Amino acid sequence: MNITNQLTQLHNSGKPYIIYKSNKGFNLYTDFSKKIILNNKNIYSFLNKKKKIKKSKNTDLFIGFFGYELLNNLIGIKIPKQKNINLPKGIFYKPEIKISLPNNLNYRDDNCAKKKNNFKININKKSYSKIFDKFKKKIKSGETYQIKICTKYKTISKINPLDFFCRLSKTNLAPEAFMIKDKNYSIISCSPENLVTKKGSLITTKPIAGTVKKNKNMNKIKALNYFKKNIKETKEHNMIVDMERNDLSRICKVGTVKLSKAKVVEEYKDLFHYVSLIKGKLKKNTKNIDVIKAMMPGGSVIGCPKINTLNLLNNQEKENRNIYTGSFGYIKFNGDMRFNIIIRSILNFKNISEISVASGVVVDSNVQHEFNENYIKAKALIDLFK
Amino acid sequence: MIYLIDHNDSFTHNVVHQFSLFDKVECDNYNNISKNKLEKASAIVLSPGPGSPKSYPITSKIYRKFKGKKKIIGICLGFQQILFCEGAKIVEQKKIYHGFQSNIQVISDKSLFKKGKKFKVGRYHSLKLKEPFKIKDFEITMRCLESKVAMSFENNKNKIYGFQFHPESFLTINGNLLIKKILSA
């Protein structure tokens with residue numbers, strides 16, 4: 001049986017499974033022997049789990065996600081009462097099967113209900129404007145240097161996540177793309193951003209700040225010039241580099257945190273990203289929980305400085321972010337890990353699909369531009385519903 | 001040992017790593033200060049942070065207590081905090097510098113650094129020192145070449161130093177040398 005048929009069969013069987021982008025294609029994880037629903041208490045024992053393995057297997061790992069609220073609570077930040085759909089704060093799975101898939105995923109479901117675009121936004125332009133002005137004042141008085149306001153688009157719909165994910169991968173083969181299909185929820189994401197890669201004592205993070213669409217007139221060199229000339233993007237990027245250096249410095253040995261790629265352009269299928277790569281060597285006896293607490297929630301999607309900005313955001317936002325700006329990835333039994341930042345994603349839970357987007361308020365951002373930017377980011381995903 | 005007082009900033013640990021190149025560093029949050037460590041420290045560093053000096057009365061108290069007794073170094077908010085304690089006004093500026101690389105210059109011959117020397121530095125500040133500013137023994141020693149905003153002060157008599165920019169930022173060229181010189185002063 002070929003891979004495509006195998007995938008189709010798995011999908012039709014109704015069994016939960018996860019797909020995560022790999023270097024060459026995708027990895028498929030399924031046949032889950034354990035499912036762990038995380039909360040503020042059991043996360044400690046979950047992360048401190050140590051397993052001795054006689055013979056290591058490629059399924060010796062837990063794969064899943066940490067939601068935004070859980071990551072806040074972990075660093076001592078409480079979230080005021082918000083509208084909440086009661087999605088678990090985090091879910092991890094222990095797979096027993098791992099299968100490699102090619103980049104070219106062929107699956108279509110023409111029967112899958114595609115509705116007209118009837119997404120509703122939770123913050124209209126007028127309210128967005130107000131929030132925007134309020135935060136600009138906070139920037140002027142120095143309470144935050146940059147802040148990312150989240151807006152949500154929601155619609156009632158049943159979706160076929162595999163169909164969505166395959167179509168999304170055709171237009172945007174993102175390096176941190178993933179999908180989760182479980183019985184009562186699914187997530188589809190074309191996240192471009194790696195937050196933590198840990199192998200042994202080596203740890204890296206790869207923040208993105210700056211994205212431009214590819215077209216005939218935009219090649220790699222022009223993209224670099226575009227980013228360099230754009231003072232707003234450059235300043236945002238600088239801030240994130242220093243913030244990520246800081247987060248790594250919490251857990252790394254003195255003198256080992258290095259900017260190994262500073263502000264370079266990476267080329268993807270349809271986009272250019274302005275990225276940096278920061279490396280460090282972990283202090284001895286650093287635990288998994290220390291890594292998660294130091295690095296998450298990822299700074300580039302929140303703003304800076306982290307603690308004050310999170311408090312400002314949480315007091316402003318009326319709806320729980322759920323998975324948005326949380327992290328998806330895996331922890332191997334030997335402590336190695338890979339986690340992304342959950343952005344550019346669709347969460348389907350209780351037959352409601354939600355897409356969250358955010359863009360940054362810095363002192364020289366423009367409200368019209370940022371509001372539109374949010375819509376453009378959401379539109380790529382909303383279009384999948386057509 | 002250097003005792004670093006953190007004001008909940010996202011750059012504090014860059015400062016920790018930078019100072020750790022020269023001495024042992026202990027770092028605690030401003031609302032969780034250890035008296036013991038304060039007493040033991042050979043130098044106290046006030047970290048960058050959000051907000052204005054008014055919001056950190058505990059830090060002001062520490063500054064007043066140890067002024068003249070220990071070397072004190074302030075960075076960004078820490079720079080403002082020290083000047084605020086000395087009676088200066090800290091005000092909003094029209095142009096805001098967050099993630100900005102600027103050219104600055106040593107403008108005083110009373111500085112540990114050579115007058116006329118230029119540096120490229122990283123800046124993250126909404127607020128600035130209101131001038132004219134005149135306080136005994138405090139000398140503005142560096143300014144932004146473009147905006148002329150005060151970028152460092154030195155009080156070599158009491159060994160109090162402050163940088164409005166961020167010596168620990170990747171945008172600051174040779175930041176380690178600046179710190180080394182201040183620490184050996």
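What share of the 185 residues in chain B is buried? Buried residues make up 50% of chain B, a residue being buried if 20 or more other C-beta atoms, placed from the backbone, lie within 10 Å of its own. The model is predicted: local features need pLDDT of at least 70, side-chain atom pairs count only at pLDDT 80 or more, and totals for chains, interfaces and linings use all residues. Residues are numbered from 1 along each chain as its sequence is written, and chains are lettered from A and ligands numbered from 1 in the order in which they are written.

Chain B contains five helices and nine strands. Helices (H or I, at least four residues) and strands (E, at least two) are DSSP runs, numbered from the N terminus. Along the sequence, the pattern of chain B is β-α-β-α-β-α-β-α-β-β-β-β-β-α. The radius of gyration of chain B is 15 Å, close to the 16 Å of the globule rule for 185 residues, so chain B is as compact as a globular protein of that length. This radius is taken over C-alpha atoms, and the rule is 2.2 Å times the number of residues to the power 0.38. The C-alpha trace of chain B spans about 45 × 30 × 30 Å along its principal axes. Of the contacts in chain B with a separation of 6 or more, 66% are between residues 24 or more positions apart. Two residues are in contact if their C-beta atoms, placed from the backbone, lie within 7 Å.

Chain A has 10 helices and 18 strands. The C-alpha trace of chain A spans about 60 × 55 × 45 Å along its principal axes. In chain A, 45% of the 386 residues count as buried.

Chain A is divided into domain 1 (3-199 + 284-288 + 319-385) and domain 2 (202-282). These bounds come from an automatic or database domain assignment. The domain centres, taken over C-alpha atoms, are 21 Å apart. Contacts link 19 residues of domain 1 to 17 residues of domain 2. Strand β9 (residues 194-199) of chain A gives the largest share of the domain 1 side, six residues.

Between the chains, 26 residues of chain B are in contact with 31 residues of chain A. On the chain B side, α1 (12-20), β5 (90-106) and β6 (118-129) each supply at least two residues. The largest share, six residues, comes from α1(B).

Terms used
A residue is buried if 20 or more other C-beta atoms lie within 10 Å of its own, exposed if 12 or fewer, and partly exposed in between; C-beta atoms are placed from the backbone.
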